[in-house]
Structure formats: C-alpha cells, structure tokens
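Subject: Structure handover and notes

Hi,

Here is the structure I promised to pass on.

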Amino acid sequence: MGLQCGIVGLPNVGKSTLFNALSNAGAQSANYPFCTIEPNIGVVQVPDSRLQKLADLVNPQKIMPTTVEIVDIAGLVKGASKGEGLGNQFLGNIRSTDAIVHVIRCFDDDNITHVDGSVDPVRDKEVIDFELQLKDLDSIEKGIEKYKKQAKGADKDAQKGVAVLTALKSHIESGISARTFEKTEENASYIDALDLLTTKPVVYVCNVDEASAKDGNAYSNILKEAVKNEPAEVLIISAGIESEIAQLDTLEERQEFLTELGLTKGGVERMIQTCYALLNLITYFTAGEKEVRAWTIKKGITAPQAAGVIHTDFEKGFIRAEVISYDAYIKHGSESACRDAGKIAVEGKEYVVKDGDIMHFRFNV
C-alpha cells in the first residue's frame, strides 16, 4: 500500500532542508518564503534492519524495501484558509496525504528570516492549526447544511448527521483540532466522509540547532508542554545534521557520525518509523531466491487482504498462507530448516497477519 506524508510548516522553518535529507529529489532551499511552490515528492525507503538480516540468510538476487512518499508542501501564512499566499494549493496538497509532519522552528539564527520576525514555536504551531481548523469548519458547515435539507423529510440518518457535525463544529470552534474529537462506531462515518484536515495523524518535528539534537532545548520543551494532551508525537530533529548525514556514502559513516553526536538513530529514521506507528501500519516479508521484500499493511488485516497487497489475484484466489515468524526464521536460518523444526504454520482466510511474518501465499485463479 502507498503511504504519503506531507511536510508542512511556516516559510523558512527548515521543511525543504529536511525534505532534501529524506530524498534525492533535490528541493530548492533558500531564505525566502514560498521557495517550494509545487509540492516536491520524494520516495524514501522505510528503515527496517530485519530486511537485511533476512537477505543475509536467503542471499536473493535483489532486496526490495517498502517505501514512503514524502511531499514537501509550500509554506503557509495567515489567511491561507481564505486563499492568502498559496493557501488553497497548500490545503489541497495536505488533503491528499495520510499523515502530517509539522516542522516547527526551534532554533535561533539571525541569518534566517522568520516570517513573523521572532522564534515562537507555540505561536507558529497555532498559526497552522488555526488555518486548518478554519478550512475544516467550512467543510463541516457544508455538511450540516446538506444533512439539514435531508432531515426535513424526517430522515433519521440525516438528523443524526446534523447532531454529530454540530457537536464537532463546537469542538473545533473552541480551538481544538478534530483529531481530538471522540469517534465512536455511531459517529465515525459522518466524520470520515468529510476528509477533514485536522483528523490526520500529526508528528511535530522540532527543528533544532546541532547542539540541541540529542536533548532538545527551551523552544522544544515549550512545544512539548503545549501539545502534551494531543494524540500526536513530538520529535527532536536537526534538519542541518540530517542534511549532512545524507551526504555520507556508507551506513558505517553515518552511524559513526551519529555516535559522535550522542545519537543512536538518525532523525529521518525516527520520523518514518513514527509515521508508521501513528498510521497503525506493520510490515510482513516475502523471501525467496529472486527477492526478499517488505510489504506495508494495516495492523489487523487478514492473510487474504495481505496477499492482495501483492496482487489482487492473490486475494481473489486465496487458498492458504504458509507463515514463519521472523524470530523463528532468524533462529533456524532458512525456510527448509524452519520446516524441519515444525515452525511453518499453515493459515487460512481468518488469520490476522503479525508484524514481521514471513509469508508464502497459495492461490488459484
């Protein structure tokens, strides 16, 4: 399945620098607003050490990691919800993404202009929240009007829609994003139909200076406190450091660089893994002589649905799945050794795929 994360933030907060570190798309980076006008799109491999360990055992012709699309979206300004700056384009680009990576400036640098003249991470966050919330209110009001027209005919479903969206409207009007609104089996369909911007999972990236890359700073601490009640993640990342890491040729060089800074993982790796967790995604593997490959699926899906990620025919003609746990494969060293040890399970249509499963599908079409 495809996964797309949109990098958003005010102008000049380090979005394009981070994007360049994430991909080889080469987005222009400069000290003025709207440097990124059309959204740049880069394809990034999802870091997963298990894939290489499997490949070391299987020795395939090729290794295929799963990937994430990263979209660098134009910087937003006040009034975007009313079309100011590149507002309409910006908000349209966000709507197409699965998750939002909200980059917030948490460093001082007199050589880099701040669009509002000073560094204030909470204010900057609220500017974007406000514009997204205004756009969502517009969508909600249109939804309410639609249901009100239908409700005139005593349509109980429409009456329920009016009640749900009216409550959601009041929630957002209080300055709180829709992702914090309690969703239930009864109201979820009304909310999901609107595809609201503030329902999307969000990762706040505090872009800090190099000295603050390990533990953060006063700015990042203030932001953490401000969002502590949100269902969101906060990451401390130095886009400048990530840009330097991206220029290094080998994994060993990159790890040595991180170690010198007191870091165990790069910010890029942490960011992608955090987006995965927020979107409730897991990985299963296929392993053979031709290729060892990682596949992205939603947590909780069944074996036929997982097979359908490879090809729709696999799902339509699903017969069974042969499943080896990752730990068993690593312990025994090969598929044949797992078979001899009785570690291959034959599963049917009801089997729920687990993270790290190595799977072989039997099908007939």
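Below is what turned up in the model, grouped by topic.

First, the ground rules. This is a predicted model, so to speak of local features a pLDDT of at least 70 is needed, side-chain atom pairs count only at pLDDT 80 or more, and totals for chains, interfaces and linings use all residues. Residues are numbered from 1 along each chain as its sequence is written, and side-chain values use heavy atoms, with hydrogens and water left out.

**Confidence**

The average pLDDT (the predictor's confidence in each residue, from 0 to 100) is 87 for the chain, and 90% of the residues score at least 70. Residues 24-37 fall below 50, and this stretch has 36 contacts in the model beyond near neighbours in sequence; a contact means heavy atoms within 4.5 Å.

**Cores**

A nonpolar core here is a set of buried Ala, Val, Leu, Ile, Met, Phe, Trp, Tyr and Cys residues joined through side-chain atoms within 4.5 Å. Buried means under 20% relative accessible area, exposed means over 50%, and partly exposed is in between, using a 1.4 Å probe and protein chains only. The largest nonpolar core has 48 residues, and Leu-22, Ile-70 and Met-271 have the most contacts inside it. A second, separate core holds 17 residues, including Leu-137, Val-164, Ile-191 and Leu-194. Returning to Met-271: leaving aside neighbours within four places in sequence, Met-271 is in contact with Leu-18, Leu-22, Ile-70, Val-101, Val-205, Leu-235 and Ile-237.

**Salt bridges**

Side chains of opposite charge can pair when their charged atoms come close. With a salt bridge taken as a side-chain nitrogen of Lys or Arg within 4 Å of a carboxyl oxygen of Asp or Glu, the count comes to 17. Three of them may interest you:

- Asp-138 and Lys-142 meet at 3.4 Å, N to O. Both lie in helix α4 (residues 121-151), four residues apart, about one turn of the helix. Asp-138 is partly exposed at 32% relative accessible area, whereas Lys-142 is exposed at 56%.
- Asp-192 and Lys-183 meet at 2.5 Å, N to O. Asp-192 is partly exposed at 46%, and Lys-183 is partly exposed at 45%.
- Arg-339 pairs with Glu-335, with the closest N and O atoms 3.3 Å apart. These two residues are four apart in helix α14 (residues 335-340), about one helical turn. Arg-339 is partly exposed at 43%, and Glu-335 is partly exposed at 33%. Both also belong to a network of salt bridges that links Glu-322, Glu-335, Arg-339 and Arg-362.

The helices and strands named in this email are DSSP runs (H or I of at least four residues for helices, E of at least two for strands), numbered from the N terminus.

**Helix α5**

Helix α5 (residues 156-173) has 18 residues and reaches 26 Å from its first C-alpha to its last, close to the 26 Å expected at 1.5 Å a residue; that expected span is 1.5 Å times one less than the number of residues. At the start of α5, a side-chain oxygen of Asp-155 comes to within 2.9 Å of the backbone nitrogen of Asp-157. Following α5 is Gly-175, with a positive phi near 90 degrees. The buried residues of α5 are Ala-158, Gly-161, Val-162, Val-164, Leu-165, Leu-168, His-171 and Ile-172, and they pack against α4 and α6 (188-192).

**Thr-198**

Thr-198 is found in the loop between α6 and β6 (202-207). Is Thr-198 buried or exposed? Thr-198 is buried, with a relative accessible area of 1%. A polar atom of the Thr-198 side chain lies 2.9 Å from the backbone nitrogen of Ala-178. Beyond neighbours within four places in sequence, Thr-198 is in contact with Leu-132, Gln-133, Asp-136, Ile-172, Ser-177, Ala-178 and Arg-179.

Ala-226 lies in helix α7 (residues 218-226) and is partly exposed at 41% relative accessibility. The C-alpha atoms of Ala-226 and Gly-117 are separated by 21 Å, and the two residues are 109 apart along the chain.

In helix α11 (residues 303-310), the residues Ala-303, Pro-304, Ala-306, Ala-307 and Gly-308 are buried. What covers them includes β8 (281-287), β9 (291-298), α12 (312-316), β10 (318-324) and β12 (358-363).

Best wishes

Key. A polar contact is a pair of N or O atoms within 3.5 Å; within protein, one must be able to donate a hydrogen and the other to accept it, and residues adjacent in sequence count only if both atoms are side-chain atoms.
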